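Here's a quick briefing to read alongside the model.

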Amino acid sequence: MKTSAGCLVRAVFPDGPRFLLVHPSGNYNRRSPWSIPKGELEPGEDPQACALRETREETGIECSIVRPLGEITYKKSRKKVVAFLAEPMAPPPSAVLEPASWEVDRVELLSEAEAREKIHPDQAAFIDRALE
């Protein structure tokens, strides 16, 4: 089974906490839901290292892990995603960031309500767990 790892990055803004989500690039992804920055583990790579690497590669943000958020399995594809709650090492310059990779066309820090509206339904559990 394919396993990906990623970070649900939480940053504090004047209007409250925001969650970092990315949107996959490509015409075929126009209507796709948003996601936490994530990617497949490289051979021998530990999920935490993969999550930090993928977050940095897709968003340009260096993070530190706060705690694990467990895993989910997509209902359709059966792919597994392991997630970690993380915080940026430096405050993000704004809520909308330049994508750092061709893999994503949007990188935004969203309020909890916006994040819940846009995130892949199978990944919504990560927001619930982050707020516990």
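Helices (H or I, at least four residues) and strands (E, at least two) are DSSP runs, numbered from the N terminus. This is a predicted model, so local features need pLDDT of at least 70 and side-chain atom pairs count only at pLDDT 80 or more, while totals for chains, interfaces and linings use all residues. Residues are numbered from 1 along each chain as its sequence is written, and side-chain values use heavy atoms, with hydrogens and water left out.

**The largest pocket**

- A pocket here is an open set of points on a 1 Å grid over the protein atoms alone, where a 1.4 Å probe fits, with protein on both sides within 12 Å along at least five of seven lines; lining residues have an atom within 4 Å of a point.
- The largest pocket holds about 740 Å³ of space, a volume being the space filled by probe spheres set on the points.
- Its lining has 29 residues, and Pro24, Ser35, Lys38, Tyr74 and Lys79 sit nearest the centre.
- Strands E2 (16–24) and E3 (38–40) each put at least two residues into that lining.
- By type, the lining splits into 11 nonpolar, 10 polar and 8 charged residues, with Gly counted as polar and Tyr, Cys and Pro among the nonpolar ones.

**Cysteines**

- There are 0 disulfides in the structure, where a disulfide is a pair of cysteine sulfur atoms within 2.5 Å.
- Cys63 is in no disulfide either, with the sulfur of Cys7 as its nearest, 5.6 Å away.
- Cys50 is buried at 0% relative accessibility, and Cys63 is buried too, at 8% (buried means under 20% relative accessible area, with a 1.4 Å probe and protein chains only).

**Helix H3**

- In H3 (residues 124–131), the buried residues include Ala124, Phe126, Ile127 and Ala130.
- Looking down the axis, the buried residues of H3 fall within an arc of 155°, so they line one face of the helix; the arc is that of the directions from the helix axis to the C-beta atoms.
- Those buried residues pack against strands E1 (3–13), E2, E4 (63–73) and E5 (80–88), plus helix H2 (112–118).

**Leu97**

- Leu97 belongs to strand E6 (residues 96–97) and is buried, at 11% relative accessible area.
- Beyond its neighbours within four places in sequence, Leu97 is in contact (heavy atoms within 4.5 Å) with Leu20, Ile61, Val107 and Leu109.
- Phe84 is 13 residues away from Leu97 along the chain, and their C-alpha atoms are separated by 21 Å.

Conventions
Buried means under 20% relative accessible area, exposed over 50%, partly exposed in between (1.4 Å probe, protein chains only).
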